[in-house]
Amino acid sequence: MNIQKYMAFVKAAEFGSFTKAAEVLDYTQSGISRMINDLETEWGVSLFERGRAGISLTSDGLKLLPQLKRICNEYEILMTQIEDLHHIQSGMIRIGTFSSVATHWLPNMIRVFKQDYPRIDFELLLGDYTEIERWVLDGRVDFGFVRLPSKAELETIFLEQDRLLVVIPQNHPHVNCEKFPINGLLNSPFMLLEKGAKAEISEIFEMHHISPQVNFTTWDDYAIMSMVENGLGISILPELILQRIPHKIIAKELEVPAFRNIGIAMRDQKSLSLASKRFLEYLSYRNRD
């Protein structure tokens, strides 16, 4: 590698000796001499004057020395950064996520992870299922939390099944029923949560051949909760987002239980950065003990 030849030149110039440069760089004296000769031949200049008293830089060598020192210093910085990455002392993990995971899973995972790796930084991109899959495929994020099944070209890890619950205001007629009847979805204005092309709530409608009165559509879970609380209608939301909510609403399981499968998606787990691979080992910390 040329960088080794540059280092040989810089050390020989510093010590005024091929022999001392060889000792420092763990080469033979003839090896250092050969590398210097290679540079002189490649560049068509004489770098050192050789005599009985030793070696000294030529005028051309003096002109080139500062730049070659900078190159060698930058190379050493680069190698240090690469070494840090191998020991995951520093780096960036980019995650695509949707609101319920960002709110209820990631904070505890990141907190525990940063206790072990405090210099790893995070970038979270909040989106819907379709956006997150695209970010993963485009390399915008290292991996993403998605609804499974995902695109066939993505490698996935199943995490858990999340119940889909009906949310109603506190004065709703079905507030005392044990499970919410499917036909009850037709009796109130419906606030539809859609997270991209993969719309699990619309799939519930299709499965039961019903068409609720959809008055409002959004991918923001909290906007839905606020509207339900204010008596504007009912909705179906994932159980995960309904943890520790400030809104005065009631959650009911459907008479025919419905779920979404949450998982991790990535292009190729083997090609993930070392920091990202290590973070996946902290998935068990997504739920607080």
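Me: Where does Pro 149 lie?

Reply: Pro 149 lies in the loop between strand S5 and strand S6 (155-169). Helices (H or I, at least four residues) and strands (E, at least two) are DSSP runs, numbered from the N terminus. This is a predicted model, in which local features need pLDDT of at least 70 and side-chain atom pairs count only at pLDDT 80 or more, while totals for chains, interfaces and linings use all residues. Residues are numbered from 1 along each chain as its sequence is written, and side-chain values use heavy atoms, with hydrogens and water left out.

Me: What kind of peptide bond joins Leu 148 and Pro 149?

Reply: Most residues other than glycine have a negative phi, and most peptide bonds are trans. The bond between Leu 148 and Pro 149 is cis, with omega about 0°.

Me: Which phi does Asp 26 have?

Reply: Asp 26 has a positive phi of about 65°, although it is not a glycine. Asp 26 sits in the loop between helix H2 (18-25) and H3. Asp 26 is exposed, with a relative accessible area of 69%. Buried means under 20% relative accessible area, exposed over 50%, and partly exposed in between (1.4 Å probe, protein chains only). His 209 has a positive phi of about 55° and is not a glycine either. His 209 is found in the loop between helix H8 (200-208) and strand S8 (213-218), and is exposed at a relative accessible area of 74%.

Me: Is Ser 100 buried or exposed?

Reply: Ser 100 counts as buried because its relative accessibility is 0%. Ser 100 lies in helix H5 (residues 99-104). Leaving out residues up to four places away in sequence, Ser 100 touches Trp 105, Leu 240, Ile 241 and Arg 260; contact means heavy atoms within 4.5 Å. The side chains of Ser 100 and Arg 260 make a polar contact at 2.9 Å. A polar contact is a pair of N or O atoms within 3.5 Å; within protein, one must be able to donate a hydrogen and the other to accept it, and residues adjacent in sequence count only if both atoms are side-chain atoms.

Me: Which residues touch the most other members of the largest nonpolar core?

Reply: In soluble globular proteins, nonpolar side chains tend to be buried together. A nonpolar core is a set of buried Ala, Val, Leu, Ile, Met, Phe, Trp, Tyr and Cys residues joined through side-chain atoms within 4.5 Å. The largest core here has 37 residues, of which Ile 93, Phe 143, Phe 145 and Phe 279 touch the most other members. Elements that each supply at least two residues of this core include strand S3 (91-97), helix H6 (106-116) and strand S10 (249-266). H6 gives the largest share, five residues. A second, separate core of 27 residues includes Leu 165, Val 166, Phe 205 and Val 228.

Me: Which residues in H6 are buried?

Reply: An α-helix has 3.6 residues a turn, so residues three or four places apart point the same way. In H6, the buried residues are Leu 106, Asn 108, Met 109, Ile 110, Val 112 and Phe 113. What covers them includes S3, H5, S4, S5 and H10.

Me: How many residues apart in sequence are Asp 138 and Pro 173?

Reply: Asp 138 and Pro 173 are 35 residues apart in sequence and 47 Å apart in space, C-alpha to C-alpha. Asp 138 is in helix H7 and counts as exposed at 57% relative accessibility.
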